[in-house]
Structures are given as structure tokens and as C-alpha cells.
Amino acid sequence: MLSKATLGQTDLSVSNLCYGTNMLGWLLDQGKSNAILDTFADLGGNFIDTARSYGDWSPEAPVGASERAVGAWLRTRQRDGLVIATKGGFFDMRVGDWRNRVTPEDVNTDLSQSLDHLGIDTIDLYFLHADNPEAPVEPIIDALIAHREARRIRHFAASNWAPARIVAANAYAATLGKPGFVASETFWGLAVPDVAAAAAQGYQHYYEGAYEALHATGLPIIAYAAQSGGYFTKRANGTDLGPLGVRYGNPVNDRRLIAAQALADHHNVSINAIVLAYLTSQPLQTIAIFGGSTPDQVRESVTSAALTLSSDELAQLRNA
């Protein structure tokens with residue numbers, strides 16, 4: 001069973017694994033979505049991550065397909081104890097709106113749609129899905145505080161924001177005597193990316209070498225791409241890597257694969273469990289967002305929560 005802990009300075013009690021729902025409602029139908037979410041909840045998982053934009057890349061899917069699937073599932077059970085996170089301010093892919101939409105007006109639109117799709121009155125944790133680094137932080141934070149005080153959201157956080165921008169935003173919120181971003185959803189996994197290749201595939205602001213100081217202040221990191229797309233498992237199985245080979249193919253990951261395989265053998269677990277435990281065993285609060293397209297995959301990933309790697313083992317992976 002998954003354990004729970006309070007997220008940073010919030011009142012949210014969350015499981016140390018968060019289920020990422022970007023496949024629900026379009027790649028996986030409602031029945032399969034319900035089976036996966038039921039399995040996660042039955043294993044003690046209560047932290048669910050979605051986004052206003054998830055599923056919009058499929059023209060056959062309804063707008064906000066993932067949020068709608070989560071909302072339909074929520075109607076089958078009591079919401080008590082569940083922590084629902086979603087994100088707004090991203091491109092509107094369905095209408096081809098590729099401008100930067102991290103504005104108070106666009107976030108208001110996205111938040112209203114998210115509440116409707118999810119069928120709830122309040123979102124527990126609302127992320128800005130991206131940043132508009134050329135815009136001042138003050139109007140953005142003012143808008144988020146207003147939504148929180150209107151009880152449309154309980155807390156807000158940043159996704160794909162550079163550390164300096166998070167610091168600036170939280171410093172401004174502090175001048176108002178208000179909480180700012182309570183967490184950062186950050187690109188992080190055991191596999192070290194090629195920065196240019198990752199950016200070309202839509203992944204930016206990797207944790208290592210950038211977010212350690214921010215993390216050390218007590219801001220929780222919620223790691224997305226936590227399984228590195230299954231890179232190490234696919235390498236071990238000889239599976240075709242496709243774009244993952246471009247994103248992660250480098251000597252550092254060759255060495256980390258050897259270290260991960262050795263630890264998997266030592267603990268008699270899968271490589272995937274080692275990959276997730278690398279994050280959930282960090283000394284500073286780190287929550288890993290994982291994926292899975294079947295209940296069995298969810299069960300397998302949850303086994304990582306029973307494994308705590310020692311500081312020496314973390315160093316063995318990190319410094320391979």
C-alpha cells in the first residue's frame with residue numbers, strides 16, 4: 001500500500017506516487033480509465049494529475065478528454081481523501097492557438113473549463129502548465145490568489161517554470177502575506193536528457209543542475225517523466241527506443257543502466273521500481289508521477305513504493 005505525507009506547507013495529504021492521466025479519455029476509454037484509477041486508489045494512491053490540454057492532440061476526443069475521464073470516475077465514488085491536480089495556461093491545441101497563454105484571462109478560461117470537465121467545485125492543486133517568462137509575475141500571482149480566495153482552487157503551483165521565476169513569484173506573494181507556489185512539477189527522472197533533443201520534444205527545465213537549491217528551501221518537487229518514458233526498461237529488454245533514444249541516448253545513461261540493473265538484481269525488483277525509487281527515496285520531498293495503461297502496470301509501479309534506496313545507492317545511480 002502507498003504511504004501518504006503532507007505536501008510541503010499545504011494541508012494536502014498525498015501518496016508518494018501520483019498517477020498521471022494523460023492517456024485517459026482518448027487512448028483509453030472510460031471503462032479502462034475507471035479500472036486503472038480504481039486500482040490506484042485500492043493500492044492507497046490518492047494523488048491524481050491531469051491537465052486541461054490532455055487529449056486535445058486527438059481530434060476524435062472531446063475537449064479536455066483526460067479531465068472528463070477523471071470527472072466521470074469521480075462520480076462513481078466518494079471524493080473524500082482524493083487530491084485532484086490539474087493544469088492550465090498551455091497552448092490551446094484544439095483551435096491552433098499557439099501564443100503564450102499564461103495570462104490571467106486565459107488561466108481564468110482554462111480553470112473554468114477544468115472545473116466543468118471534472119465536475120467539481122474546487123481543485124485541490126492547480127498548476128500553471130507553463131510560464132510566460134517575459135511577463136511580470138505580479139498579475140499572474142494576483143489572479144491565482146484571487147481564484148484561491150474564491151475557493152475555486154485550494155493551492156497553486158508551477159509546472160515548467162524556471163527556478164528563478166518561482167523564487168520571484170513566491171517573493172512577491174510573501175510581500176502580500178500570502179502563500180505562493182506550493183510545489184514545482186519538474187522534468188526529472190533517472191535518465192539524463194540531451195537538453196536540445198528534449199526541448200525539441202517538448203521537455204525543458206530538467207531538475208539536475210538547476211533545481212537543487214530551490215528544492216532545498218523546502219519546496220516539494222513533483223517529478224514528471226519520472227519513468228523516463230520507460231527508457232531503461234526498454235534498453236534492458238532490447239525494445240526499439242524511437243524518440244527516447246534521441247532524448248536519452250548518452251554515455252551517462254549507459255552507466256546508469258548498468259547501475260540500475262545491478263540494484264534491481266540486488267533488491268529482486270524490476271528496473272522500473274528502481275527508476276521510481278530513485279525519486280521517492282530522495283531526502284527532500286519528491287513525488288513521482290507515473291503512467292500505466294493497464295491495472296497490472298499500475299500494480300507493478302506501485303511496488304517501488306515499498307523500496308527505499310539508501311543514500312549510498314542513490315549516489316551509485318547518480319554518479320554512475
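The model is predicted, so local features need pLDDT of at least 70 and side-chain atom pairs count only at pLDDT 80 or more, while totals for chains, interfaces and linings use all residues. Residues are numbered from 1 along each chain as its sequence is written, and side-chain values use heavy atoms, with hydrogens and water left out.

The protein contains 13 helices and ten strands. Helices (H or I, at least four residues) and strands (E, at least two) are DSSP runs, numbered from the N terminus. The radius of gyration is 19 Å, close to the 20 Å that the globule rule gives for 320 residues, so the protein is as compact as a globular protein of that length. This radius is taken over C-alpha atoms, and the globule rule is 2.2 Å times the number of residues to the power 0.38. The C-alpha trace spans about 50 × 45 × 35 Å along its principal axes. Of the 320 residues, 54% are buried. Buried means under 20% relative accessible area, exposed over 50%, and partly exposed in between (1.4 Å probe, protein chains only). Contact means heavy atoms within 4.5 Å. Among contacts with a separation of 6 or more, 75% join residues 24 or more positions apart.

Empty space was examined next. Rolling a probe the size of a water molecule over the atoms shows where such space is left. On a 1 Å grid over the protein atoms alone, a cavity is a set of points where a 1.4 Å probe fits but cannot get out. A pocket is an open set with protein on both sides within 12 Å along at least five of seven lines. Lining residues have an atom within 4 Å of a point. Grid points are joined across faces, edges and corners, and a volume is the space filled by probe spheres set on the points. Two cavities of 30 Å³ or more were found.

The largest cavity has a volume of about 60 Å³. Its lining consists of Arg52, Ser53, Asp56, Lys87, Gly88, Gly89, Phe90, Phe91, Asp92, Arg101, Asp110 and His129. Six of these residues are charged, four polar and two nonpolar. In this scheme Ala, Val, Leu, Ile, Met, Phe, Trp, Tyr, Cys and Pro count as nonpolar, Asp, Glu, Lys and Arg as charged, and the others, Gly among them, as polar.

Arginine 52 lies in the loop between β4 (47-49) and α2 (65-74). It counts as buried because its relative accessibility is 6%. Its side chain makes a polar contact of 2.6 Å with the side chain of aspartate 56. A second polar contact, also 2.6 Å, joins the side chains of arginine 52 and glutamine 113. A polar contact is a pair of N or O atoms within 3.5 Å; within protein, one must be able to donate a hydrogen and the other to accept it, and residues adjacent in sequence count only if both atoms are side-chain atoms. Beyond four places in sequence, arginine 52 touches residues including Val63, Glu67, Lys87, Asp92, Asp110 and His117.

Arginine 101 sits in the loop between β5 (83-88) and α3. With a relative accessible area of 5%, arginine 101 is buried. Its side chain reaches the backbone oxygen of phenylalanine 90 at 2.5 Å. The C-alpha atoms of arginine 101 and glycine 89 are 5.0 Å apart, although twelve residues separate them along the chain. Contacts of arginine 101 outside four places in sequence are Gly89, Phe90, Phe91, Asp92, Asp106, Val107 and Asp110.

The second largest cavity holds about 30 Å³ of space. Thr103, Pro104, Val107, Ile140, Ala143 and Leu144 line it. The largest share, three residues, comes from α4. Five lining residues are nonpolar, one is polar and none is charged.

The second largest pocket has a volume of about 280 Å³. It is lined by 15 residues, with Gln9, Asn170, Phe181, Val182 and Leu219 nearest its centre. The lining comprises seven nonpolar, eight polar and no charged residues.

Alanine 69 lies in α2 and is buried, with a relative accessible area of 1%. Outside four places in sequence, alanine 69 contacts Leu24, Gly25, Gln30 and Ser33. In helix α11 (residues 271-280), ten of the ten residues are buried, so the helix is largely enclosed by the rest of the structure.
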